[in-house]
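Reader: I would like a close look at one part of this protein, namely its charged side chains and what surrounds them. Please keep the account plain and connected.

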Amino acid sequence: MIEEIRIRDLGVIDDAVLPLHPGLTVLTGETGAGKTMVVTGLGLLLGGRGDSGLVRTGTDRTVVEGVVDLPAAHPAMVRAAEAGADVADGLVLVRTVQADGRSRAHVGGRAAPVGVLGDLAEHLVAVHGQADQWRLRRADEHREVLDAFGGDTVAAALATYREAHTELVVVEAELAALRTAAEERAREAESLRVGLERIEALDPQPGEDDDLRAESGRLGHAEELRDAAGAAHEILSGESDTALETPAVLEALGAASARIAHASAADPALAALGARVDELRYLAADVAADLGAYLADADVDPARLEQVQQRRAALTELTRLYGPGVDDVIAWGGRAAVRVAELEGTGDRIEELAARLEDLTTRRADAAEALSAARRSAAEALGTRITAELAHLAMGSATVTVAVEDSGRFGADGRDTVEVRLAAGPGTTPRSVTKAASGGELSRVMLALEVATADAGTSVPTFVFDEVDAGVGGRAALDVGARLAALARHAQVVVVTHLAQVAAHADRHLVVEKSVDGHVTRSMVHAVEGEDRVAELARMLGGSGTDAALEHARDLMARARA
């Protein structure tokens, strides 16, 4: 609810504070006192259009502040928190309009776009007046009102429909994507199969490219390698068909070992050196043997060299297409095989989805029909209840119907279009309520709707009615007040009225008074209680100060309390 509104320098209002009641607050005052400016200020606070013409003459800006108290989980509080507002201790809204037309908004102590105030208004206030009918300004709101009135029956049917509709939309999207991309998938699968056939034909082995690279190097330099190994073997072993000018290494090491052994008995140090010479002789003998073995296997094989080069060329073509190395090619082949299996299984998936889609189409159609039937039943009851309420609001000949019609297409909330329609009198064609009623009638229709749906839970915590009593008087005016009081048992209600019969039902009575000092006109707002309130009601009855008017005012208050 809105706890308090403060307005400064708006039109004729200098500085006014409106403490609002959780129930029914009425705002009264003489014509021209500034009651309309209060509603205008509320409109600014809720994101309405700012106009420099609203700024009080002689001041530089208009400021409207509002203090809102709502549960932390309320949609308005959630939206404010999303905008960065501090909502720990309630919510403070501020709207400023400069004399040059610039406008600013603050939500919970933080600057915010004016549009955020409009977003909050959707969840905070419904304004019903000659110019503003926020409650039913969109066709979807007619449906939302009906669904809320329909209670658990409509809610269950709507949940069943939404489940089927959501699943069907997902299946449709996946099926369309699969069918649209069928050619691309076929081309992709064919390309992958070609690659897999190439790899399978060559059957590369892990690390094969490295092994072949080493073998190619050996075969390509076979003569050079044999010459080097042969020379080394000859130097070590002395085995050669040609005489060497120098003794073989093994022979020289053997001679050195023998000389040291002959003299080492006299000196252990020399004996140790002799042991090391022996180690060299043994190592040289091993190396000579290995070189001999190498020479035995190092025959030149041109045919094998050609085979290796051809194999390397074939593997290079694969690595050019599918990876920098043979191991990468093998890994690509594994992934490609999995992908081909997926692509070849798409046909089965399409058949599965098509069958699922057919089933869901039937389910959704059945759920839509059940939802429409539940709405039609609720619509009949709602139309009857609103019509009954209008009989108490000086519109006894008017009839309200809630039309539920097939839109011809499935949406997120069914396939129904819902419209609240009004026939102003017998024989007239029902039309959309926002078009068929005059300003004052529309406010009363909206009051009847709000009262009729109040026990189903209100969508907003605060209702504002301006001119709801236009063209009403006498007994009907008392009924209007009684209906407003009934609505105030479920929500906060603020009413601008000129009828004492309506004002008598208020939980809090605020009066707008205008004063003129000869140069400047000012308006102020104050609450009236006790005899002051009786006096205000008497003024509204046209008998200001007379005993009869005062008695009449007391009687109205007594009847309202009763």
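Author: This is a predicted model. A place to begin is Glu 208, which lies in helix α6. Its relative accessibility is 14%, so Glu 208 counts as buried, the cut-off for that class being under 20%. The side chain of Glu 208 comes to 3.0 Å from the backbone nitrogen of Gln 205. Leaving out residues up to four places away in sequence, Glu 208 touches Asp 203, Arg 311 and Leu 315.

Asp 203, one of those contacts of Glu 208, sits in the loop between α5 (182–202) and α6 (208–220). Asp 203 is not a glycine, yet its phi is positive, at about 50°. With 47% relative accessibility, Asp 203 is partly exposed.

Another aspartate, Asp 9, also has a positive phi, of about 60°, although Asp 9 is not a glycine. Asp 9 belongs to strand β1, which covers residues 2–10. Here the relative accessibility is 18%, and Asp 9 therefore counts as buried.

Next come the salt bridges, of which the structure holds 27. One of them joins Arg 6 to Asp 15, with the closest N and O atoms 2.7 Å apart. Both partners are partly exposed: Arg 6 has a relative accessible area of 31%, and Asp 15 has one of 34%.

A second pair is Asp 413 and Arg 162, whose closest N and O atoms are 2.3 Å apart. Asp 413 is partly exposed, with a relative accessible area of 21%. Arg 162 is partly exposed too, at 37%.

Glu 405 has 37% relative accessibility and counts as partly exposed.

Some of the salt bridges share partners, and in this way Arg 143, Asp 147, Arg 162, Arg 375, Asp 413 and Asp 416 are joined into one network. The pair Asp 413 and Arg 162, described above, belongs to this network.

The nonpolar side chains complete the surroundings. In soluble globular proteins, nonpolar side chains tend to be buried together. The largest nonpolar core in this model has 71 residues, and those with the most contacts inside it are Leu 390, Leu 422, Leu 447, Phe 465, Leu 484 and Val 495. Helix α12 (residues 346–390) supplies the largest share of this core, nine residues. Leu 484 gives a view of the packing: apart from neighbours within four places in sequence, Leu 484 is in contact with Leu 24, Leu 447, Phe 465, Val 468, Val 493, Val 495 and Val 502. There is also a second, separate core of 45 residues, which includes Ala 16, Val 64, Leu 91 and Val 525.

Key:
Residues are numbered from 1 along each chain as its sequence is written. This is a predicted model: local features need pLDDT of at least 70, side-chain atom pairs count only at pLDDT 80 or more; totals for chains, interfaces and linings use all residues. Side-chain values use heavy atoms; hydrogens and water are left out. Helices (H or I, at least four residues) and strands (E, at least two) are DSSP runs, numbered from the N terminus. Buried means under 20% relative accessible area, exposed over 50%, partly exposed in between (1.4 Å probe, protein chains only). A salt bridge is a side-chain nitrogen of Lys or Arg within 4 Å of a carboxyl oxygen of Asp or Glu. A polar contact is a pair of N or O atoms within 3.5 Å; within protein, one must be able to donate a hydrogen and the other to accept it, and residues adjacent in sequence count only if both atoms are side-chain atoms. Contact means heavy atoms within 4.5 Å. A nonpolar core is a set of buried Ala, Val, Leu, Ile, Met, Phe, Trp, Tyr and Cys residues joined through side-chain atoms within 4.5 Å.
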